[in-house]
Amino acid sequence: MKNTKKEIKISTIWCEGCSGCHMSFLDMDERLIDLIKKGVVFSASPFTDLKIPEDDVDIGIIEGSVATDTQEEEVKMMREKCKIIIAIGDCAVFGGIPTMRNYYKIDELSKRVYHEAESNANKHYPNSKDISKLLPRVKAVNEVIKVDYYIPGCPPNADIIFYILNELIEGREPKLENEKLTYE
Amino acid sequence: MINLTINGKSYNISQEQVENRTLWQFLKDNGYYVPILCNYENLKPVGRCRLCVVKDRGRIKTSCIAPLENGMEIITDDPDLRKYRKWALQFLFSERNHYCMYCAITSHCEFQNLGYYTKLDHFSFPTFFNKYELDNSHNHILFDNNRCVLCDRCVRVCSEIAGHFVLETINKGIERLVVADGGKKLGESSCVSCGLCVQVCPTGTLLDKYSLYLDKNSIDFNSYCYLCPVGCGIKIYINKNKDYIVKIHSDFNSFSNGLICYKIRYQELLNYRLFKAQQYQQNNKLNEYYLDNNNLKDFLYSIITNLKDFLVILDGTLLNQELKLINDIFKNNVYTYYPITKDILNNPDFKEIEEFQNYIIINVDLDKDYGAIGSLIKRNVKLKNKNLITLNLNNPNYTNLSKLNINNINDLKKLNDTLYDNFLFILNAIDYIQLKDDIKDLLTNKNYRFLILPIKTNDVGIIYFINNLNTINLSLKINDNKTIIIFSRDLKNIKEINLFKIIQNNSKIIFTLKDYENLEILNNLKNIKLLVYLPHLLNFSGNFYNMFNMLLKTENIFKELSLKDK
């Protein structure tokens with residue numbers, strides 16, 4: 001049987017965040033099936049566990065702020081591969097809780113965490129080449145790339161995520177206002 | 001007469017209405033919503049936040065500081081204005097730590113609501129990170145400069161309304177900071193904990209430690225403070241399920257114009273929470289009855305039929321309804337343990353107090369006992385350049401302000417030769433009775449009036465409702481056979497004047513409030529025949545007279561719960 005519907009690819013990535021926004025994303029529950037019925041294909045996402053999205057993604061969802069060089073690259077890659085970028089959750093939109101480290105220099109921070117912390121017995125700073133480097137300051141996603149839509153909230157409600165995705169799929173312009181807009 | 005149009009609708013305003021009114025106030029009075037952050041009620045507008053911009057004939061104007069002019073054509077809302085407001089708000093949001101999700105006042109924050117109003121869903125700039133110390137030194141207030149938007153509301157309310165002049169700003173530009181007493185920690189400063197700064201703060205900078213995270217969907221009641229004879233207008237916020245009081249604010253629309261002191265805002269809030277907690281602890285050995293006013297009458301009659309020789313002592317902590325009832329039943333056997341003078345009825349009112357040129361405070365620490373009057377005097381002395389003279393006062397908040405500090409009433413004679421005139425004497429009722437003749441002798445050729453501060457809240461009610469009130473020395477009236485009936489919500493004061501020592505051997509019937517301080521005093525008392533608990537004034541609708549002879553009403557805030565309390 002031939003699928004006559006147009007395929008809409010959605011990919012998500014998770015930067016410096018707690019994964020709460022992805023939980024909220026999965027909280028759409030049976031509405032995820034509604035989306036799939038409308039032609040949505042979740043490529044790189046919690047469903048497939050692929051880390052690198054395909055090249056022709058329609059909607060890219062970014063959770064979390066940009067705190068390391070790897071995350072910066074990933075976010076730039078998303079911009080190249082996705083037609084629409086949605087920043088989801090307070091961390092991606094404003095910087096959020098990870099920006100608390102912006103009050104300190106990286107040296108101070110790693111000294112405290114790896115040498116002075118009471119729970120750390122090894123007193124060893126991890127310096128493997130595979131570990132990404134911390135950026136001097138944590139940034140919101142829109143400080144690195146252009147973002148098309150923002151969904152603030154910690155985490156945003158699944159209803160709001162569904163509303164935004166559904167409007168985009170139906171070809172309408174989503175509007176975040178009144179009770180849909182919340183920072184909590 | 002000036003003409004102007006607002007969103008196409010024309011208005012004619014008389015010259016009287018133009019004066020002392022800015023464009024923003026005019027818009028607000030006529031029902032137009034223009035967002036604002038830095039202005040609050042009757043504080044002097046400073047035009048700092050720029051959220052109140054409106055269009056006048058194509059030009060952008062900051063409406064809170066724009067005077068009303070003839071021919072204005074105002075537009076209060078259009079896409080352009082929304083854009084400007086959004087930009088102004090973004091500058092404020094991105095300057096310090098304004099992440100709502102971990103703030104104690106999220107969901108009932110003025111600043112956050114403005115974000116929703118302007119549909120701000122992201123910041124267009126990187127945020128600025130500059131760390132300021134969190135000040136947790138104050139008993140009731142948490143002070144976090146990291147969330148400050150420098151609207152100066154707190155600084156202005158502390159000086160213009162409260163008259164304490166504690167908060168001020170230091171440094172310039174982005175480094176600007178609100179500090180107490182030029183850089184001290186709040187807890188170590190001269191702050192008197194009136195809490196007005198917390199009330200007006202539009203962000204989570206100044207936080208009330210007792211209402212952190214509690215204030216979601218609270219309901220507010222207007223009422224009057226019953227803790228001192230001033231009777232300031234207050235707003236009580238209780239949670240949606242009516243279980244507990246969230247916070248207590250002052251009412252800027254009442255006669256007291258937003259004045260309030262630590263007594264109701266923090267002390268009583270805390271006491272009431274203890275009082276509530278205690279109702280669940282039933283480990284009290286004393287014989288107890290809990291009555292509200294409905295069945296008090298029958299109960300009092302049943303007492304009086306069994307008594308032959310008795311004497312009733314009461315104070316101004318009772319409301320008019322209770323006083324009337326007591327007078328009806330006990331007739332001429334009622335006494336107060338402190339003198340009350342009918343001259344209280346001649347007190348100048350709030351507005352008249354502000355018209356005097358010289359204030360003389362005798363013996364009373366206004367900050368401690370009559371906070372609102374203290375605010376009134378301090379702000380007049382400092383902002384309107386009036387003269388203060390203190391007599392026998394050690395509070396540096398007043399003595400530092402005063403032109404003359406004297407320790408002897410006779411020194412008032414010096415004033416006869418000065419150019420000062422038009423004095424207001426501020427003193428409590430006991431001092432007034434002792435000193436009024438002396439003052440009359442000492443000040444011969446000057447105009448003066450008295451502001452007599454009653455000892456307890458409803459002393460004026462006692463004047464009205466108790467017949468033949470006798471103020472002769474009580475100890476002469478008491479003999480060993482008499483049963484003493486005491487009505488007072490606050491036994492602490494009766495204890496201070498040693499009345500309890502005199503009546504230690506008499507059998508006693510005590511009507512009082514069930515709170516920790518009273519219980520402690522009661523536990524040390526002998527011969528209590530009967531102990532009856534009066535309703536808490538937050539659980540009781542009644543009225544009282546304040547020192548300005550105004551009839552004020554207290555609200556029962558837990559209407560449904562009052563039955564359960566018994």
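**Figure 1. Salt bridge between B:Asp152 and B:Arg48 in the predicted model.** In this predicted model, B:Asp152 forms a salt bridge with B:Arg48, and the closest N and O atoms of the two are 2.5 Å apart. B:Asp152 belongs to the loop between strand S7 (141–144) and helix H5 (153–161) of chain B, whereas B:Arg48 belongs to the loop between helix H2 (23–29) and strand S3 (53–56) of chain B, so the contact ties together parts that are 104 residues apart in sequence. With a relative accessibility of 10%, B:Asp152 counts as buried because the cut-off for that class is under 20%. Over all chains, the count comes to 38 salt bridges.

**Figure 2. Salt bridge between B:Arg489 and B:Glu322.** The side chains of B:Arg489 and B:Glu322 form a salt bridge with an N to O distance of 2.9 Å. Distant parts of the chain are linked by this pair, since B:Arg489 lies in the loop between strand S22 (483–487) and helix H17 (491–496) of chain B, while B:Glu322 lies in helix H9 (residues 320–330) of chain B, 167 residues apart. Both B:Arg489 and B:Glu322 are buried. Strand S22 of chain B also contains B:Thr483, which is buried with a relative accessible area of 7%. The C-alpha atoms of B:Thr483 and B:Asn505 are separated by 9.9 Å, and the two residues are 22 residues apart along the chain.

Figure 3. A salt bridge joins the side chains of B:Arg379 and B:Glu354 at 3.5 Å, N to O; B:Arg379 is in helix H12 (residues 371–383) of chain B and B:Glu354 is in helix H10 (residues 350–355) of chain B, 25 residues apart. B:Arg379 has a relative accessibility of 11% and counts as buried. H12(B) comprises 13 residues and reaches 18 Å from its first C-alpha to its last, close to the 18 Å expected at 1.5 Å a residue. Of these 13 residues, 11 are buried, so the helix H12(B) is largely enclosed by the rest of the structure. The buried residues of H12(B) include B:Gly371, B:Ile373, B:Leu376, B:Lys378, B:Arg379 and B:Val381. Just after H12(B), B:Asn385 takes a positive phi of about 60°.

Figure 4. B:Cys52 is placed in the loop between H2 and S3 of chain B, where the residue is buried with a relative accessible area of 1%. Although B:Cys52 and B:Pro35 are 17 residues apart in sequence, they are 5.4 Å apart in space, C-alpha to C-alpha. A network of salt bridges links B:Asp56, B:Arg57, B:Lys61 and B:Glu69.

**Figure 5. Asparagines with positive phi in chain B.** Most residues other than glycine have a negative phi, and most peptide bonds are trans. B:Asn7, which is not a glycine, has a positive phi of about 45° and is found in the loop between strand S1 (2–6) and strand S2 (9–13) of chain B. B:Asn7 counts as partly exposed at 41% relative accessibility. B:Asn549 likewise has a positive phi, of about 65°, and lies in the loop between strand S25 (542–545) and strand S26 (551–554) of chain B. B:Asn549 counts as partly exposed at 30% relative accessibility.

Figure 6. Chain A contains six helices and seven strands, which follow the pattern β-α-α-β-β-β-α-β-α-α-β-β-α along the sequence. Taken along the principal axes, the C-alpha atoms of chain A fill a box of roughly 60 × 40 × 30 Å, and buried residues make up 49% of its 184 residues. On the surface, A:Asp27, A:Asp29, A:Glu30 and A:Asp34 gather in a patch of negative charge. One of these, A:Glu30, is in helix H2 (residues 30–37) of chain A and is exposed, with a relative accessible area of 54%. Elsewhere in chain A, a cis peptide bond with omega of about -10° joins A:Cys154 and A:Pro155. A:Pro155 is found in the loop between strand S7 (149–151) and helix H6 (158–169) of chain A.

Key: Residues are numbered from 1 along each chain as its sequence is written. Chains are lettered from A and ligands numbered from 1 in the order in which they are written. This is a predicted model: local features need pLDDT of at least 70, side-chain atom pairs count only at pLDDT 80 or more; totals for chains, interfaces and linings use all residues. Side-chain values use heavy atoms; hydrogens and water are left out. Patches are made of residues with over 30% relative accessible area and no salt bridge: like charges are joined within 9 Å, nonpolar side chains (Val, Leu, Ile, Met, Phe, Trp, Tyr) within 5 Å. Accessible areas come from the Shrake-Rupley method with a 1.4 Å probe; for residues, only the protein chains shown count as cover. A salt bridge is a side-chain nitrogen of Lys or Arg within 4 Å of a carboxyl oxygen of Asp or Glu. Lys and Arg count as positive and Asp and Glu as negative; His and the chain ends are not counted. The place of a charge is taken as NZ of Lys, CZ of Arg, CG of Asp or CD of Glu. Helices (H or I, at least four residues) and strands (E, at least two) are DSSP runs, numbered from the N terminus. Buried means under 20% relative accessible area, exposed over 50%, partly exposed in between (1.4 Å probe, protein chains only). The expected span of a helix is 1.5 Å times one less than its number of residues.
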